[in-house]
Amino acid sequence: MSTFWGEFSKGLWKEVPPFRFVLGLCPTLAVTGQVSSALGLGCGVIFVLLISNTLISTFKNNIPPKIRVPVFIVIIASAVTIVELMMEAYFYTVYEVLGIWIPLIVCNCLILGRGEAFARKNPIHLSMADGLGMGVGFTLSLTVLGTVREIIGSGTWFGLNVLPSAYIGFDLLQNPPGAFICLGLLLALINVISSRLESKRQAC
Amino acid sequence: MEDYLMMMISAIFANNILLIRFLGLCPYVGVSGSVNNSVGMAGATLFVNVLASTFTWLVYNYLLVPFELEYLRTVAFILVIASLVQLVEIVLQKTAPALYRALGIFLPLITTNCMIFGVAVLNINQENDFLEAVLYAFATAIGFALALLILAGIRERFAIGKVPTTMRGVPIAMITAGLMGLCFQGFIGLGQ
């Protein structure tokens, strides 16, 4: 049980994507203009990562190593298709906002990366824990970035006004260039925090 | 004629695939540390992007639509792209060894370049006809190459400059891309 928790929790801080592992940057920048779309894509990624890690780990002994990458990609693409159809049927507004970013989950290197680096070599329950942890970590990162961009950029959070109505919004952060700058500053902030933690641990 | 030109200019500058549409960021972070690698990556991407858009457009309109299999788009496209990359690799190795040596190591990376897949999907979503789809793929790849080379040139200078430790590597690359994106955003209104 403790290893299960260990595999799950490493995705939350120690190896949190996309900040520690710089994987899956494209959706991170594209959907974080609003918190709600960031959360929507995050849920899709959790689902796909869980399914792909579970299946890859289940069939790890039956997949010929030479063609493993195409096989992984087909597994991931099927999971993405499920998400796409489900979102279109039940969450149409989110589906409209996310647009091409739902099919593009298939190209998220995070998912293929976890299959290749973890699920291929580990038992099923650990792979599920790893997929869930990485997915939740990814979703939380997206939500943090989305929160910063939406509150500073337009003064709202989940579409609700959180700043005084006189605040006109710093438009840059809602625009594509602002996303790059915001992510760069956030990455630098995380570097600062983790180096502080590291030096504190060494002092003890 | 003018429409095609306008669409291409818009795809290269105002809607730059890397800086405004956020596609193909992984190769940007991966190879833009050196100009030489970026040239190789840009060339390989241009080549595969045009081929992939051609094939995915044909597959979608002549295979998936007649049989009402549109929901298989994601699976079909990713398979077409992955096998195309393999094919290009084999053909290049046999017929043009010099070109293969220049592009070879970048080709496998391209399978997971979301730009190839993204442009293929965009072509379908924008209901482009065949000529538009090919031209759009060409223009987006040119835009990608332009942005990648400019940014690689800047990042090479960072290697010898004094960058604060916490900003080194990816953070400063992101901020550079943001500032460059502001420049490209200045072209909005040119193409539309």
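How many residues does α7(B) have, and how far does α7(B) reach from its first C-alpha to its last? The helix has twelve residues and reaches 16 Å. That is close to the 16 Å expected at 1.5 Å a residue; the expected span is 1.5 Å times one less than the number of residues. Helices here are DSSP runs of H or I with at least four residues, strands are runs of E with at least two, and both are numbered from the N terminus.

This is a predicted model, in which local features need pLDDT of at least 70, side-chain atom pairs count only at pLDDT 80 or more, and totals for chains, interfaces and linings use all residues. Residues are numbered from 1 along each chain as its sequence is written, while chains are lettered from A and ligands numbered from 1 in the order in which they are written.

Start with chain B as a whole. Its secondary structure comes to nine helices and zero strands. The radius of gyration of chain B is 17 Å, close to the 16 Å that the globule rule gives for 192 residues, so chain B is as compact as a globular protein of that length. The radius is taken over C-alpha atoms, and the rule is 2.2 Å times the number of residues to the power 0.38. Along its principal axes, the C-alpha trace of chain B spans about 60 × 45 × 30 Å. Of the 192 residues, 43% count as buried. A residue is buried if 20 or more other C-beta atoms lie within 10 Å of its own, exposed if 12 or fewer, and partly exposed in between, with C-beta atoms placed from the backbone.

Now return to α7(B). Eleven of its twelve residues are buried, so α7(B) is largely enclosed by the rest of the structure. Among them are B:Cys114, B:Phe117 and B:Asn123. What covers the buried residues includes α2 (25–30) of chain A, together with α3 (35–64), α4, α6 (107–110) and α8 of chain B. After the helix comes B:Glu127, whose phi is positive, near 50°.

In α6 of chain A, residues 109–119, the buried residues include A:Cys109, A:Ile111 and A:Arg114. Their cover includes α3, α4 and α7 of chain A, together with α2 (25–31) of chain B.

Next, look at the core. A nonpolar core is a set of buried Ala, Val, Leu, Ile, Met, Phe, Trp, Tyr and Cys residues joined through C-beta atoms within 7 Å. The largest one has 109 residues. Those with the most contacts inside it are A:Val48, A:Ile76, B:Phe117 and B:Leu148. Helix α8 of chain B gives the most to this core, with eleven residues.

Finally, where do the chains meet? 32 residues of chain B are in contact with 33 residues of chain A; contact needs C-beta atoms, placed from the backbone, within 7 Å. The largest share of chain B's side, ten residues, comes from α9(B). By class, this side has 24 nonpolar, eight polar and no charged residues. Ala, Val, Leu, Ile, Met, Phe, Trp, Tyr, Cys and Pro count as nonpolar, Asp, Glu, Lys and Arg as charged, and the others, Gly among them, as polar. A:Val22 lies in the loop between α1 and α2 of chain A. With 20 C-beta neighbours inside 10 Å, A:Val22 counts as buried. A:Val22 touches B:Val29 and B:Val170, not counting residues up to four places away in sequence.

Terms used:
Two residues are in contact if their C-beta atoms, placed from the backbone, lie within 7 Å.
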